[in-house]
Amino acid sequence: MLPDKLREIIDWLSDGARSAPTPSRMMAECCERLVAAGLPLYRVGIFIRTLHPEIFGRNFIWRPETGVVLSSVDFDIQEAPEFLSSPLALVFREGVEVRSRLHEPSTTPFPFFDDMRAEGVTDYIAIPLTFVDNMLHASSWTTKQPGGFTDEQLAALKTVLPTLARLIEVIGIRRVTVTLLDTYVGNRAGGRILGGQIRRGHTETMRAAIWLSDLRGFTALSDRLPPESVVEILNHYFDCQVPAILKHGGEVLKFMGDGLLAVFPIAEDDADRSTVCGHALEAAREASAAVEALRWSDATGAEERFRFGLALHVGKVLYGNIGGGNRLDFTCIGPAVNLAARLEKIAGKLHRTVVASTAFADATRADWADLGEFPIAGFAKAEQVYGLGDETAVAG
């Protein structure tokens, strides 16, 4: 081992590994530096739990010939036989090191070790990574060196690990912050908040196609079914819309009970207005078909079917922080949003699923049916309302 090289690695990590712009690159460069310092690494794994509604954790696996391969696992991994019978399960469960010299016959019989032996690995050690909040994460280190790691090499590795763990924790905290902001306010708003736009009154004007939808009969549904069932239904119902919105470039800003507000940003010069509105309309068609196909059965087998209303408009919105004291909401407001809300109510009265304003209909090449002119509460002028030509009104 080269003590000077080891010190350089620790200093590099302490300074934030600035030459490595991404977590994967940081891990790859760290392993490369350790090898250059005399640590004969073959395969290195870093396993980090995360705070995400669908992802339990992320794996960073480094090998000299492939660099870092990043993957994620969902919450089912906790019950998966391949995980429960792995040395990492022991690390996560008990916070202990697991060391096995794979060239010796007395090796602990983890099935994973058979795969490592087949690759020529002679030694394996898994070491907990404990963060400041005492949450356990894990690392694993292997070598093909004859006889395995020496005591000096393991001591050198353990000298570097605390600093590596702190940097991984800092990177992880930032990733969790971004994930939580994306999850609760959307990626566009989250990016602005993380960039420092956090004071009340910080707003900007944005052109956008506006999506405002509502579940029909939600009040009666809530009165008739247990709250747990209502939550389950709402989650399935929003699953019919959110993927379509995100797929076509929209951003979900807010869930309001059974209501959903989303925007599809348009360039400042309005050059992509027609394209963006077309994407919003495609998302509307996909969401409408998904809601139409949605079924839910209670314990008695009684089946529920669902209908929703969706208003599409396009215009300027004020986008930013609104609230009181230190409790803020990042949202969009303005006459265009108010008009979309009024149009959604008209959709219900007309027993239509999708309705659009004149501005939105004019921006697309769809086959629109003129549904008539309607007075809009709070607006001086009446609004011409359009429905999809291939949709017929359905009572209910």
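L167 sits in helix 6, helices here being DSSP runs of H or I with at least four residues and strands runs of E with at least two, both numbered from the N terminus. With a relative accessible area of 10%, L167 is buried; that label means under 20% relative accessible area, with exposed meaning over 50% and partly exposed anything in between (1.4 Å probe, protein chains only). Setting aside neighbours within four places in sequence, L167 is in contact with L13, G16, A17 and M26, where contact means heavy atoms within 4.5 Å. L102 is another matter: 65 residues separate L167 and L102 in sequence, and their C-alpha atoms are 30 Å apart in space.

A word on the model itself: it is predicted, so local features need pLDDT of at least 70 and side-chain atom pairs count only at pLDDT 80 or more, while totals for chains, interfaces and linings use all residues. Residues are numbered from 1 along each chain as its sequence is written, and side-chain values use heavy atoms, with hydrogens and water left out.

Helix 6 also turns up in the largest pocket, giving six residues, the largest share of the lining. This pocket has a volume of about 870 Å³. A pocket, on a 1 Å grid over the protein atoms alone, is an open set of points where a 1.4 Å probe fits, with protein on both sides within 12 Å along at least five of seven lines; lining residues have an atom within 4 Å of a point. Points are joined across faces, edges and corners, and the volume is the space filled by probe spheres set on them. The lining of the largest pocket runs to 25 residues, with D182, T183, Y184, V242 and F255 lying nearest the centre. Two or more lining residues come from each of helix 6 (151-185), helix 9 (227-239), helix 10 (242-247), strand 8 (251-256) and strand 13 (327-333). By type, the lining splits into 13 nonpolar, six polar and six charged residues. Here Ala, Val, Leu, Ile, Met, Phe, Trp, Tyr, Cys and Pro count as nonpolar, Asp, Glu, Lys and Arg as charged, and the others, Gly among them, as polar.

K254 belongs to strand 8 and counts as buried at 18% relative accessibility. Beyond residues up to four places away in sequence, K254 touches G259, L260, L261, D329 and T331. The C-alpha atoms of K254 and G186 are separated by 8.7 Å, although the two residues are 68 apart along the chain.

Over in helix 12 (residues 335-349) is E344, a charged residue that counts as buried because its relative accessibility is 2%. What does the side chain of E344 make a polar contact with? The partner is the side chain of R216, at 2.7 Å. A polar contact is a pair of N or O atoms within 3.5 Å; within protein, one must be able to donate a hydrogen and the other to accept it, and residues adjacent in sequence count only if both atoms are side-chain atoms.

Next, the aromatics. Searching the whole structure gives eleven aromatic pairs, a pair being rings of Phe, Tyr or Trp (its six-membered ring) with centres within 6.5 Å; planes under 30 degrees apart count as stacked, over 60 as edge-to-face and the rest as tilted. F112 and F113 make a tilted pair, 6.3 Å centre to centre with 50° between the planes. F112 is partly exposed at 23% relative accessibility, whereas F113 is buried at 0%. W211 and F264 also form a tilted pair, at 6.3 Å and 35°. That pair links distant parts of the chain, with W211 in strand 7 (residues 203-215) and F264 in strand 9 (residues 259-266), 53 residues apart. Both W211 and F264 are buried. F110, F112, F113 and Y124 form one aromatic cluster.

Finally, some backbone angles. Most residues other than glycine have a negative phi. D270, in the loop between strand 9 and helix 11 (273-293), has a positive phi near 70° and is partly exposed, with a relative accessible area of 25%. H351 likewise has a positive phi, about 60°. H351 is found in the loop between helix 12 and strand 14 (354-356), and counts as partly exposed at 30% relative accessibility.
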